[in-house]
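Me: I am new to reading protein models. Could you walk me through how helices and cores are read?

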Amino acid sequence: MIATGQARRSHRNEAIATWILRSASLFVIGAMAFLLVYLTFEGTKTFFVDGVSPFEFLFSTNYQPDMKHPGALVFIVGSLAITTFAIAVGGPFGIAVGVFLSELAPKSMAGILKPAIEVMVGVPSVVYGWIGLSLLVPLMRQITGGVGFGLASSGIVLAIMILPTVISLSEDAFRSLPGTLKEASMAVGATRWQTIVQVLLPAASSGLTVAVILGVARAIGETLAVQLVIGNATILPAGLFAPTAALTTEIITDMPGAANNSPLEHALFSMALLLLLIAMVLIVFVRFALRKRN
């Protein structure tokens, strides 16, 4: 009888746990589906209600939403430019630090550096932006003789912000490799550097791809840090040191003053939908890279 009672309680507890986990999963799926449907509904009003063509939205620099000219090319170029700059600077540097921590650094040093790098992930983005505004912008102003705001300042701030993500994932990618790869390479006479460059880097390429893609996802969706140092000028950037704007900065700048159901609000929702689609594409690339890795 006691064993039967315990079996019933165990079965009941398992059923409750299964129900809780299934409910949580359904809630997350439902929330994501609602977000996608809502943004799609609101974001397409620019095209179906205001009569703006997708071509004009994507490729026009005439940004006058109240006049039904919501050309978002300036913000798209700004977002892609600062993200590319950040990845070009932070990606290789982050991978290099990941190689150092996993293959070259003494255990005592790695034990100190890894927690310090992980702490950087928890620093609020507004802190990075404020430091960039206080230190980097005046420095860029002195060096270039310009205003200090622009793509370079934004790209440097974003590169610093994505470093913890790229470094941590790169290190995990190297540590997940089987030890036999390194042993076999060293056994045939390869140096440590040759082993890293010719054996470990190609073997960890899929994991490194995931690290870079997640760094891109972090960079392209950043708002506050970029807004403080980009200059928020609705013009195509004339160079690395020229001010411009990005999709996220324009949304946070104009949304508080956008009238309900106005062309401006529709345009901002269209930008948000575009960011969501970019994020979804990046997630698909991550899934593809992980599947290739496995």
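**Contacts, cores and a helix pair**

Reply: Beyond its neighbours within four places in sequence, Ile82 is in contact (heavy atoms within 4.5 Å) with Leu151, Ser154, Gly155, Leu158, Val226, Ile230 and Ala246. This is a predicted model: local features need pLDDT of at least 70, side-chain atom pairs count only at pLDDT 80 or more, and totals for chains, interfaces and linings use all residues. Residues are numbered from 1 along each chain as its sequence is written, and side-chain values use heavy atoms, leaving out hydrogens and water.

Me: How many residues has the largest nonpolar core?

Reply: In soluble globular proteins, nonpolar side chains tend to be buried together. A nonpolar core is a set of buried (under 20% relative accessible area, 1.4 Å probe, protein chains only) Ala, Val, Leu, Ile, Met, Phe, Trp, Tyr and Cys residues joined through side-chain atoms within 4.5 Å. Here the largest has 25 residues. Ile82, Val157, Leu158 and Met161 have the most contacts inside it.

Me: Which helix gives the most to this core?

Reply: Helices are DSSP runs (H or I, at least four residues), numbered from the N terminus. H7 gives the most, with seven residues. A second, separate core of 15 residues includes Val74, Ile251, Met271 and Leu274.

Me: At what angle do H7 and H10 pack?

Reply: Axes are lines fitted to C-alpha atoms over the stretch in contact, and angles run from 0 to 180 degrees between N-to-C directions. H7 (residues 151–175) and H10 (residues 205–220) pack at about 160 degrees, axes 8 Å apart. That makes H7 roughly antiparallel (over 145 degrees) to H10.

Methods. Helix = DSSP H or I, 4+ residues; strand = E, 2+ residues; numbered from the N terminus. Parallel < 35°, antiparallel > 145°, perpendicular 65-115°, else oblique. Buried < 20%, exposed > 50% of the residue type's maximum accessible area, 1.4 Å probe, protein only.
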